[in-house]
Amino acid sequence: MDIKTLKSFISVAVHQSFSAAARELNTVQPAISRHIAMLEDELGVALFIRNSREVIITSAGEQLLHDAKQIIALADKAKDQVKRAQQGQVGELNIAYLSSACLSFMADLIRDYSEHHPDVHVSLFEMTATEQIEAFKHNQIDVGFSRPLPTGIQDEFISTDIYIDKLVAVVGAHHPLAQYTEIALSQLQQQKLIIFHRDEAVGLFDDTIMLCKQAGFSANIVSQPRHMQTLLTEVAAGLGVAIAPHCISKLYSQGCHFLTLTDAHKSIATQLHVKSTNHSATVDAFVALVIANQPSIAKNMA
């Protein structure tokens, strides 16, 4: 029992005519008759009562007609779903992101993507860089927004710069330095420093320490929070002064004051990561959307 045979059967049942069925299906009447005979032999029942004047469907034929229409509809739906899946129109998309770096643009990106791909189920996961690497390892996420990956695993991914950030100093609203809009890094020499945890951003941590040394002092680190929101809370509470990417100003930062560092010229990239072995059209469609929006994201984050 195949799709072609079932279509012949449905056409005969609808038109109550073998010749009309042959015309509809652009074939010859003997082919239609052969299909019906094959079905009746396979099922062991008569599907039609035939005479020289009419073709009458049997009760067994009525049942098959009901089921055959559903089978054809499912087959057509399957073909459509396969085509849409190939085009990235259906499926699932799991996206991880650093809230501190992506909060200002992530919602707009997902909204735009969902408008064009309404049948793709999107799940968002707020993850640190370390958590993203682990999630990629276990195929729990498809896309990650994070800092540049460790050198040892970069070959496993295709990474694209989304925007380039800069380091700033963050002081409490009542800190003596809060009266300024910009300072030299060397002015933090006597300060208790809060720096994002090295395990979560090796490059960011190491670059910060190197810049302090170039400014003539060793960083007096009193805290290494694993979340940027915690870093801001500690600054607002007066526990120290932070050196961090400017993007964290998009988080809840009441009680914090952001200062430009005139001598800390270090580029900090926020990147989009996908596995180099990715073969998902759903992921490809999202990546294409992100790349198309990259100039506006970079402009807004400048």
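**Notebook: a helix crossing and a set of salt bridges**

I looked up the crossing of α6 and α10 and recorded it as right-handed. The model I am working from is predicted.

**Entry 1: the helix pair**

I next took the geometry of the two helices. Helix α6 covers residues 106-116 and helix α10 covers residues 281-301; they pack at an angle of about 135 degrees, and their axes are 10 Å apart.

I then listed the residues that make the contact. On the α6 side I noted L109, I110, D112 and Y113. On the α10 side I noted T282, A285, F286, L289, V290, N293 and I297. Sorted by class, the contact of α6 with α10 has 8 nonpolar, 2 polar and 1 charged residues.

I searched the whole structure for salt bridges and found 7. I examined several of these individually.

R226 and D199 meet through their side chains in a salt bridge, at 3.4 Å from N to O. I located R226 in the loop between β10 (221-223) and α9 (228-236), and D199 in the loop between β9 (193-195) and α8 (202-214); the pair links distant parts of the chain, 27 residues apart.

R226 also forms a salt bridge with E200, and here the closest N and O atoms are 2.9 Å apart. E200 lies in the loop between β9 and α8, 26 residues from R226 in the loop between β10 and α9. I accordingly recorded D199, E200 and R226 as linked in a network of salt bridges.

Which members of this network are buried and which are partly exposed? I checked each one. E200 has 8% relative accessibility and so counts as buried, the limit being under 20%. R226 is partly exposed, at a relative accessible area of 38%. D199 is likewise partly exposed, at 45%.

**Entry 2: K266 and D207**

I turned to another salt bridge, in which the side chains of K266 and D207 meet at 3.7 Å, N to O. K266 lies in the loop between β12 (256-261) and β13 (268-275) and D207 lies in helix α8, so this pair ties together parts that are 59 residues apart in sequence. I found K266 partly exposed, with a relative accessible area of 28%. D207, at 22% relative accessibility, also counts as partly exposed.

How values were computed. Residues numbered from 1 in each chain as written. Predicted model: local features only at pLDDT ≥ 70, side-chain atom pairs only at ≥ 80, totals over all residues. Heavy atoms only, no water. Axes fitted to C-alpha atoms, helices over the stretch in contact; angles between N-to-C directions. Helix = DSSP H or I, 4+ residues; strand = E, 2+ residues; numbered from the N terminus. Left-handed = near helix turned anticlockwise from the far one by under 90°. Contact = heavy atoms within 4.5 Å. Nonpolar A, V, L, I, M, F, W, Y, C, P; charged D, E, K, R; others polar. Salt bridge = Lys/Arg side-chain N within 4 Å of Asp/Glu carboxyl O. Buried < 20%, exposed > 50% of the residue type's maximum accessible area, 1.4 Å probe, protein only.
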